[in-house]
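Here is a short briefing to read alongside the sequence and the model.

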Amino acid sequence: MAPQPRPDVPDWVAPALDSVLERVAVTQAAVGDRFPLFADPGAGLWTTTGRGSWTGGFWAGLLWLRARYTGNDGAREAAAKCTGRLADWVHADTAARGLIFWYGTAFAPEASELRDRAARVCRDAYDAELGLVPWGSAFGGPRLLARVDGVPGMVPLLATVDEQAAEAHLRRHLELCLDNGSFGWSWRYERPARWVPCDDPPPGWSRGRAWLLLAVADAVHRLGADDLAHVARHLIAAHAVPPADETRPGGPLDTSAAAISAVALLKLGRRERAVRILEELVRTHLSSDGRLLDGCYDLTSGTATRHELIWGDYFLAYALAALTGLIDPHEI
């Protein structure tokens with residue numbers, strides 16, 4: 001059931017959470033057995049995928065959040081069914097399994113076996129020579145990549161079975177992504193021992209900051225990596241809702257980067273800053289029917305640059321649920 005409002009929670013939080021989770025029900029009816037990726041800002045029609053791609057866990061996670069909010073058995077059954085369909089990704093060669101399995105299973109005790117199986121397979125994929133789980137070949141391109149979006153989710157997932165591998169995975173990405181004080185979100189490994197920067201995603205990609213901030217927040221909590229607090233400060237964006245590419249300040253925004261950052265800040269105990277971000281998202285970018293607009297899927301290709309994104313909805317719902325007390329920020 002929806003929690004009773006807490007006296008220290010702003011009055012806009014509970015209605016916003018109700019709206020976002022009601023949108024989940026509308027989306028569920030619209031997409032059926034497919035997984036939503038992004039929806040156009042006009043009619044709100046979803047582009048979907050049959051297997052979930054790297055975003056499938058966020059849809060499952062939203063269904064679990066709605067099930068907890070409503071206490072409805074049918075909502076729980078739908079969430080469990082969706083999570084079960086993620087099993088096809090257990091043996092897929094990609095570090096994106098952190099995104100898929102952590103966020104798709106962590107709210108569900110009944111999914112612990114699937115999560116544990118995925119964690120152990122990811123641990124087996126850990127490459128001691130590279131000091132990380134490679135990005136992998138599942139989405140095409142070279143296998144031996146280090147990409148920033150292979151860190152969030154992977155850190156807490158690996159930590160359930162091998163804390164040393166989880167910390168090494170994070171720290172190697174920090175070394176690369178924050179090389180010489182500048183940002184680089186993707187690196188290709190060339191033997192015998194050389195990392196070469198890639199230009200996609202570009203250095204100004206604001207979601208790169210947000211993904212890495214979230215991974216650092218999880219490491220501080222789950223691995224006791226308190227020395228990373230200074231890294232977190234470096235990763236917090238200057239704007240509540242940053243441009244999708246910080247080198248193009250007049251271009252599209254990315255509300256999903258802001259929502260990810262808000263969750264990370266709540267995990268780090270920086271509630272005031274998180275609330276400021278969330279208020280901006282709710283008052284300026286959340287439609288009356290619960291759609292978080294102005295998310296940017298991929299600015300480089302021009303794909304869905306001002307849209308509702310399924311992971312943007314997920315992290316907004318997560319943050320609002322944490323503020324109301326429906327969940328604990330450190331629950332996942």
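Pro-192 sits in the loop between strand E4 (186-190) and strand E5 (194-197), and a cis peptide bond joins it to Arg-191, with omega about 20°. Helices (H or I, at least four residues) and strands (E, at least two) are DSSP runs, numbered from the N terminus. Please keep in mind that this is a predicted model, where local features need pLDDT of at least 70, side-chain atom pairs count only at pLDDT 80 or more, and totals for chains, interfaces and linings use all residues. Residues are numbered from 1 along each chain as its sequence is written, and side-chain values use heavy atoms, with hydrogens and water left out.

**Another cis peptide bond**

- Asp-200 and Pro-201 are also joined by a cis peptide bond, here with omega about 0°.
- Pro-201 belongs to the loop between E5 and helix H8 (206-222).

- Asp-294 is in the loop between H11 and strand E6 (308-309), and its phi is near 65°, a positive value in a residue other than glycine.
- Ala-304 is found in the loop between H11 and E6 as well; it is not a glycine either, yet has a positive phi of about 45°.
- Are these residues buried or exposed? Buried means under 20% relative accessible area, exposed over 50%, and partly exposed in between (1.4 Å probe, protein chains only).
- With a relative accessible area of 25%, Asp-294 is partly exposed, whereas Ala-304 is buried at 8%.

- The expected span of a helix is 1.5 Å times one less than its number of residues.
- H2 is largely enclosed by the rest of the structure, because 13 of its 15 residues are buried.
- Helix H10 (residues 255-267) has 13 residues and should span 18 Å; its end C-alpha atoms are 19 Å apart, which agrees.
- In H10, 13 of the 13 residues are buried, so this helix is also largely enclosed by the rest of the structure.
- Gly-269 follows H10 and has a positive phi, near 80°.

**How H2 packs with H4**

- The axes of H2 and helix H4 (residues 97-105) come within 7 Å and cross at roughly 5°. Axes are lines fitted to C-alpha atoms, for helices over the stretch in contact, and angles run from 0 to 180 degrees between N-to-C directions.
- H2 and H4 are therefore roughly parallel to each other (angles under 35 degrees count as roughly parallel, over 145 as roughly antiparallel, 65 to 115 as roughly perpendicular and the rest as oblique).
- Gly-57, Phe-58, Ala-60, Gly-61 and Trp-64 of H2 meet Leu-99, Ile-100, Tyr-103 and Gly-104 of H4, where contact means heavy atoms within 4.5 Å.
- By class, this contact has six nonpolar, three polar and no charged residues. Ala, Val, Leu, Ile, Met, Phe, Trp, Tyr, Cys and Pro count as nonpolar, Asp, Glu, Lys and Arg as charged, and the others, Gly among them, as polar.

**How H11 packs with H12**

- Helix H11 (residues 271-285) and helix H12 (residues 310-324) have axes that come within 11 Å and cross at roughly 125°, so the two are oblique to each other.
- From H11, Arg-271, Val-275, Leu-278, Leu-281 and Val-282 meet Leu-316, Ala-319, Leu-320 and Leu-323 of H12.
- The contact of H11 with H12 has eight nonpolar, no polar and one charged residues.
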